[in-house]
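Hi everyone, thanks for making time.

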Amino acid sequence: MVPHLTTALVGPLHELERKFLDNATAIESWLRGKWQDYTPPFYGSVDLRNSGFKLAPVDMNLFPGGFNNLHASFLPLCVQAAQTAVERICPDARNLLLIPENHTRNQFYLMNVAQLATILRRTGLNVRIGSLLPDISEPTLLTLADGNSLLLEPLVRNGNRLGLADFEPCAILLNNDLSRGVPEILTGLDSQYIIPPLHAGWVTRRKSTHFRAYDEVADEFASMLGIDPWLLNPYFGRCGKIDFLERVGEECLAAQVDLLLGKIRTKYAEYGVSETPYVVVKADAGTYGMGVMTVRDASEVTGLNRRQRNKMSVGKEGLHVSEVIIQEGVHTLETVNGGVAEPVVYMLDHYVVGGFYRVHEGRGRDENLNAPGMHFEPLAFETHCNLPQSDQAPDAPPNRFYAYGVVARLALLAAAIELERTAPPAEVLA
């Protein structure tokens with residue numbers, strides 16, 4: 001099921017949306033079969049780009065931080081999906097410990113934590129929030145910009161168990177992407193579920209690994225529907241051993257950019273697309289839109305000035321960027337109130353539970369929108385949850401969002417495969 005939504009856009013009819021609409025029964029049956037074989041991540045969010053001829057994921061986040069941006073109408077669906085997720089992992093759970101990022105000054109992020117805690121409490125769990133910050137040495141009440149409050153408490157480790165001073169959880173939910181590594185306090189726990197698993201953190205996870213899994217998913221799905229997988233899958237390449245400050249790895253970057261642009265031009269010619277091809281170079285690990293660059297010619301990556309090299313060399317929390325993914329750029333045809341927009345779809349377990357548009361009035365159709373100056377426009381229920389409506393046009397609001405949900409769930413399936421394949425031996429996790 002996906003929500004029946006109102007949207008702020010009007011787009012052209014295109015064959016991909018029609019294909020999804022005509023084959024909704026086959027699509028849902030195929031996905032149900034896949035969830036018999038793979039365990040979905042507890043939650044996730046997917047950034048999509050819709051060019052009118054192509055609808056593709058460009059990023060998959062396993063530690064989503066924007067639950068506060070979902071419309072209030074999504075709350076019942078979030079709670080229902082969260083119940084399924086909890087029952088799958090720890091059916092007898094009563095206590096859940098939520099560990100957030102260390103962004104105690106980021107009001108938007110803190111409101112996300114509060115909303116996530118609200119969703120989980122509505123499932124019948126006792127939820128408390130434990131902080132990894134060393135200066136949180138006693139319960140600390142934070143006042144939020146929306147008038148609510150959030151209580152952060154210091155974590156307490158007792159042997160192989162982690163909790164709070166008077167709180168022992170069955171499960172520990174991370175809303176912290178572990179960019180700086182896995183804190184020792186989270187290792188070697190006994191009989192406590194850590195969700196997502198520690199190897200989902202950016203200290204080990206790579207975007208290129210995810211998109212290799214997505215290649216397989218997209219190929220199989222496209223074969224089932226009888227379509228070209230390129231219509232829902234961005235080409236990509238990877239370069240390791242990069243040092244932007246020392247100009248190390250520029251040859252690899254230029255070669256990958258040239259290769260991908262050539263492949264994109266071939267596809268554009270095949271489909272009669274008149275847009276200018278481009279690629280996006282970004283850190284192979286990390287979030288927040290840092291270390292991202294739009295490139296239209298290979299010469300651009302060998303002629304970076306010092307300011308550009310400084311920008312590309314640093315990721316989240318000041319971490320040095322040494323590996324990059326080079327990804328086909330997907331233009332976005334979507335706008336909200338005059339600003340260029342892209343949909344972000346949120347999922348709990350294997351259910352689509354909502355979404356919003358990331359909007360940036362100062363960026364172009366071929367640029368990264370996850371940048372300062374962006375804002376979010378929540379998608380709202382029009383009447384109820386429903387499957388796509390075949391009596392309406394393929395790009396009518398419920399059908400357009402159904403297409404979003406299909407591609408987002410393909411990315412979620414790829415994440416499930418990715419996590420299964422990259423899991424360390426059981427003895428390492430014990």
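Let's start with one cysteine: at 29% relative accessibility, cysteine 252 counts as partly exposed. Keep in mind as we go that this is a predicted model.

So what is cysteine 252 joined to? Its partner is cysteine 239, and the disulfide has an S to S distance of 2.1 Å. Cysteine 239 sits in strand S12, residues 236–239, while cysteine 252 is in helix H6, residues 250–271, so the bond ties together parts that are 13 residues apart in sequence. The torsion about that S-S bond is about -95 degrees, so this disulfide is left-handed. As for cysteine 239, its relative accessibility is 1%, so that end counts as buried.

How many disulfides are there? The count comes to two. The other one joins cysteine 90 to cysteine 170, with S to S at 1.9 Å. That pair links distant parts of the chain, 80 residues apart: cysteine 90 is in the loop between helix H3 (75–89) and strand S4 (95–100), and cysteine 170 is in the loop between strand S9 (161–163) and strand S10 (171–175). With 90 degrees about the S-S bond, this link is right-handed. Cysteine 90 and cysteine 170 are buried. Counting bonded cysteines along the chain, the pattern is 1-2, 3-4.

Okay, on to charges. The count here is 22 salt bridges, and I'll pick out a few. Take arginine 358 and aspartate 47, whose closest N and O atoms are 3.2 Å apart. They come from distant parts of the chain, 311 residues apart, with arginine 358 in strand S18 (residues 351–360) and aspartate 47 in strand S2 (residues 43–50). Buried or exposed? Arginine 358 is buried, at 7% relative accessible area, and aspartate 47 is buried too, at 11%.

Next up is arginine 49 with glutamate 342, at 3.0 Å between the closest N and O atoms. Arginine 49 lies in strand S2 and glutamate 342 in strand S17 (residues 339–348), so this pair ties together parts that are 293 residues apart in sequence. Both of these residues are buried.

One more pair: aspartate 349 and arginine 88 meet in a salt bridge, 2.8 Å from N to O. Aspartate 349 is in the loop between S17 and S18, and arginine 88 is in helix H3, so parts 261 residues apart in sequence get tied together. Aspartate 349 is buried, at 1% relative accessible area, whereas arginine 88, at 35%, counts as partly exposed.

Last topic, two helices. In helix H1, residues 15–22, the buried residues are Leu16, Glu17, Phe20 and Leu21. Why do they line one face? Looking down the axis of H1, they fall within an arc of 135 degrees, so they share one face of the helix. In general, an α-helix has 3.6 residues a turn, so residues three or four places apart point the same way. The face of H1 turned away from the buried side carries the exposed residues Glu15 and Asp22.

Then there's helix H4, residues 107–121. Its 15 residues should span 21 Å at 1.5 Å a residue, and its end C-alpha atoms are 21 Å apart, which agrees. Its buried residues include Tyr109, Leu110, Met111 and Leu120. At the start of H4, a side-chain oxygen of asparagine 106 reaches to within 3.1 Å of the backbone nitrogen of phenylalanine 108.

Conventions:
Residues are numbered from 1 along each chain as its sequence is written. This is a predicted model: local features need pLDDT of at least 70, side-chain atom pairs count only at pLDDT 80 or more; totals for chains, interfaces and linings use all residues. Side-chain values use heavy atoms; hydrogens and water are left out. Buried means under 20% relative accessible area, exposed over 50%, partly exposed in between (1.4 Å probe, protein chains only). Helices (H or I, at least four residues) and strands (E, at least two) are DSSP runs, numbered from the N terminus. The arc is that of the directions from the helix axis to the C-beta atoms. The expected span of a helix is 1.5 Å times one less than its number of residues. A polar contact is a pair of N or O atoms within 3.5 Å; within protein, one must be able to donate a hydrogen and the other to accept it, and residues adjacent in sequence count only if both atoms are side-chain atoms. A disulfide is a pair of cysteine sulfur atoms within 2.5 Å. A salt bridge is a side-chain nitrogen of Lys or Arg within 4 Å of a carboxyl oxygen of Asp or Glu.
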